[in-house]
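Dear colleague,

I am passing on a structure to you, together with some notes on what was found in it. Please open it first and keep it beside you as you read.

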Amino acid sequence: MKKAEKICSKDAPKMKAFLLQEIKETGLAWKTLIEQHLEDYQNGKILDVGCGTGFISLLLAQIGFEVIAIDNNAAMLKETEKTSEELGFSNKITFMLKDAASMDFTDNAFDAVISRHAFWLFNNPKKVYREWYRILKSGGCVLNLDANWLFPFWGEEEKKLFQRDEDILTEQYGAFRDYYHDTDMMDELMNLPLSYTKRPEWDLKICKKVGFKDIKMEILSQEKYWNSFMALRYRTMPTFMIKAKK
């Protein structure tokens with residue numbers, strides 16, 4: 001994923017503005033969601049996997065959790081840590097450069113594990129679920145929030161649906177370009193293990209095999225958790241939430 005990692009590293013300094021905008025627009029909705037599903041783990045130790053801009057980590061810190069945030073992109077992690085310090089949360093969040101499939105945390109170390117919009121990028125997703133199970137305390141909780149991000153490339157019908165929404169957005173907002181217009185990057189992403197995997201069905205099966213219990217799935221409202229532009233852009237690939245306990 002050299003192309004994707006290079007773009008993320010290049011865009012890292014811009015992420016503060018994106019982060020602050022997202023917190024302003026939908027931060028309260030995401031914070032409420034986290035509080036509802038992690039209310040049994042108040043004051044617990046939480047691992048944010050694939051923290052990216054630090055959006056989820058900052059919300060967790062606001063709620064009062066002790067947060068360990070990991071990502072495998074050094075440039076992104078550096079900018080995220082800097083933003084956390086500027087916002088006054090450096091004492092609540094510890095940032096670490098780690099790969100999700102080979103974490104060296106001890107067994108039973110965390111009360112909960114959360115990941116948002118990152119799982120599909122992992123090269124060994126089955127192993128990641130096994131790692132999460134290993135590092136969770138008994139009764140600990142996993143919240144995995146993700147989507148079928150490459151849905152537009154699954155076939156002609158999927159492509160038409162995605163293009164329809166893009167045409168509407170272009171008419172409303174004017175011409176735009178995003179990662180979906182970067183052919184080289186999309187070619188790389190299509191080689192990932194989960195690119196053509198129908199989810200969350202896959203996740204539910206793997207979680208059961210790994211040993212998780214009380215496994216539940218929920219499709220999140222696009223309008224509630226995205227701004228109006230993003231809600232339409234990602235309409236064909238809504239975010240789902242997998243919740244499971246050890």
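Predicted model: local features only at pLDDT ≥ 70, side-chain atom pairs only at ≥ 80, totals over all residues.

Residues are numbered from 1 along each chain as its sequence is written, and side-chain values use heavy atoms, with hydrogens and water left out.

The chain holds 10 helices and seven strands, where helices (H or I, at least four residues) and strands (E, at least two) are DSSP runs numbered from the N terminus. Its radius of gyration is 18 Å, close to the 18 Å that the globule rule gives for 246 residues, so the chain is as compact as a globular protein of that length; the radius is taken over C-alpha atoms, and the rule is 2.2 Å times the number of residues to the power 0.38. Of the 246 residues, 52% are buried, which here is under 20% relative accessible area with a 1.4 Å probe, counting protein chains only.

Strand 4 (residues 110-116) is mostly covered, with seven of its seven residues buried. Strand 4 runs parallel to strand 1 (residues 45-49), joined by three bridges, and two strands pair if DSSP finds at least two bridges between them. Here D48 stands opposite I114 of strand 4. With strand 5 (residues 136-146), strand 4 pairs in the parallel sense over six bridges, and V113 has V142 in strand 5 as its bridge partner. From strand 4 the chain crosses through helix 5 (residues 125-135) to strand 5 in a right-handed β-α-β crossover, that is, with the strands pointing away from the viewer, the path from the first strand over the helix to the second runs clockwise.

With best wishes

Conventions:
Buried < 20%, exposed > 50% of the residue type's maximum accessible area, 1.4 Å probe, protein only.
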